[in-house]
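Here are my notes on this one, jotted down as numbered points. Have the viewer open while you read.

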Amino acid sequence: MKIDLTPVLNGEVKELPFTFTENVPAEVAEIRFKGLDMTVGGKLTVNGKVRDISGYFELDVAASLPCVTHCARCGRQMSVSCGCDLHLIASKDAEHSEDEGYIVYSDRQIDIDGPVYEELSISFPSKPLCREDCRGLCPVCGADLNEGGCEHIKNEEKDTL
Ligand SMILES: [Zn+2]
Ligand SMILES: [Zn+2]
């Protein structure tokens with residue numbers, strides 16, 4: 001995702017909105033998401049604005065990505081919507097390039113792939129649940145207690161729906 005700064009650098013606008021809708025590259029999904037039990041379930045959507053603050057740029061970015069993971073209690077496959085907001089400073093000056101939220105740009109373009117994927121991966125829910133009251137599995141036999149009881153767990157709480 002590269003933001004073309006030309007209209008801002010030419011002085012045509014002070015603030016530039018941007019939108020990207022794209023597929024997450026396979027290698028990014030492998031490196032960033034797989035170890036966290038997240039599979040990409042759709043396209044990444046990124047919206048934001050870049051502002052010219054004479055000498056550097058300020059960016060507000062919102063990213064969202066549908067994912068597929070497993071319930072932390074019962075292990076059932078489930079869909080989750082992952083998202084994050086970022087505030088970034090972009091400059092040509094590499095001096096602070098290690099600072100958090102600071103990115104160095106060149107060639108009139110700001111590439112936000114790195115910060116967006118990093119922030120997304122740390123924003124993933126750590127214990128996703130298929131539903132708030134998921135009953136999980138029987139610790140003895142592993143039966144899915146959402147499906148009903150087993151000989152170890154009394155069935156009195158079974159859904160009455
Ligand atoms: Zn569950
Ligand atoms: Zn059991």
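**Notes on the fold**

1. Contact range first: among contacts between residues at least 6 apart in sequence, 56% join residues at least 24 apart. Two residues count as in contact if their C-beta atoms, placed from the backbone, lie within 7 Å.

2. A word on provenance: this is a predicted model, where local features need pLDDT of at least 70, side-chain atom pairs count only at pLDDT 80 or more, and totals for chains, interfaces and linings use all residues. Residues are numbered from 1 along each chain as its sequence is written, and chains are lettered from A and ligands numbered from 1 in the order in which they are written.

3. On secondary structure, the protein has three helices and eight strands, in the order β-α-β-α-β-β-β-β-β-β-α from the N terminus. These are DSSP runs, numbered from the N terminus: helices are H or I with at least four residues, strands E with at least two.

4. Overall dimensions: the C-alpha trace spans about 70 × 30 × 25 Å along its principal axes.

5. Of its 23 residues, Val61, Ala63, Leu65 and Val116 touch the most other members. β4 (44-52), β5 (57-70), β6 (77-91) and α3 (113-123) each give two or more residues, and β5 gives the most, with six.

Terms used: Core = buried A, V, L, I, M, F, W, Y, C linked by C-beta atoms within 7 Å. Buried ≥ 20, exposed ≤ 12 C-beta atoms within 10 Å, placed from the backbone.
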